[in-house]
Amino acid sequence: MNLTTINFKPLGDARGSLVAIESDLGIPFPIRRVYYIFDTKTGVERGFHAHKKLQQIAVAVTGSCEMILDDGKEKESVCLDSSTKGLYIGPGFWRVMRNFTPDCVLLVLADRHYDESEYIRNYDEFLEWKKS
Ligand code: TYD
């Protein structure tokens, strides 16, 4: 599976670090939504869905978690553990997030507003949709 990671340039100085992410600049889409997952309880697994249209970039700004992406044929696990590493997730990937550290804040940039109608939340339906 050919996954794309994006390395964000830390703008550091003696005071510390800063990462700036601008819509369409250095990332392949306009940002229309930002959300973050935090305070995830130990052992919780999230996700279990795919998107028909949505593009996203996920960054663990603190802590870490595992993102498992499944294109219907192969699965790949990516450890998100850096505030300067973004994982690009295009449409058509079933995703599961797990192994969240208690301090994990998973920031997600998305190119569309929230729209439940473009989610696929059933794995068999996802496999059927991939064939179509
Ligand atoms: P959900 O999709 O179940 O989270 P995950 O797949 O990451 O486990 O989302 C949890 C709830 O939040 C669900 O009721 C939908 C809602 N939600 C929004 O209202 N807007 C959003 O942008 C997102 C991502 C979720």
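**Close-up views of a predicted model**

**View 1. Trp-94, Tyr-123 and Phe-126 make up one aromatic cluster.** The model is predicted, with residues numbered from 1 along each chain as its sequence is written. Local features need pLDDT of at least 70 and side-chain atom pairs pLDDT 80 or more, totals for chains, interfaces and linings use all residues, and side-chain values use heavy atoms, leaving out hydrogens and water. The whole structure holds six aromatic pairs (Phe, Tyr or six-membered Trp ring centres within 6.5 Å; planes under 30 degrees apart are stacked, over 60 edge-to-face, the rest tilted). One of them is Tyr-123 with Phe-126, tilted at 5.8 Å centre to centre and 40° between the planes. Both residues belong to helix α1 (residues 123-131), three residues apart, about one turn of the helix (helices are DSSP runs of H or I, at least four residues; strands are runs of E, at least two; both numbered from the N terminus). Phe-126 is buried at 0% relative accessibility, whereas Tyr-123 is partly exposed at 30% (buried is under 20% relative accessible area, exposed over 50%, partly exposed in between; 1.4 Å probe, protein chains only).

**View 2. Tyr-36 and Phe-38 form a tilted aromatic pair.** The ring centres lie 5.6 Å apart, with 40° between the planes. Phe-38 is exposed, its relative accessible area being 51%.

**View 3. Five strands form an open sheet in the order β6-β5-β8-β3-β10.** Pairing is antiparallel (two strands pair if DSSP finds at least two bridges between them). Strands β6 (75-80) and β10 (119-120) are at the edges; each has a single partner strand, so one side of each lacks a neighbour in the sheet. Five bridges connect β5 (residues 65-70) to β8 (residues 94-98), and Met-67 has Met-97 in β8 as its bridge partner.
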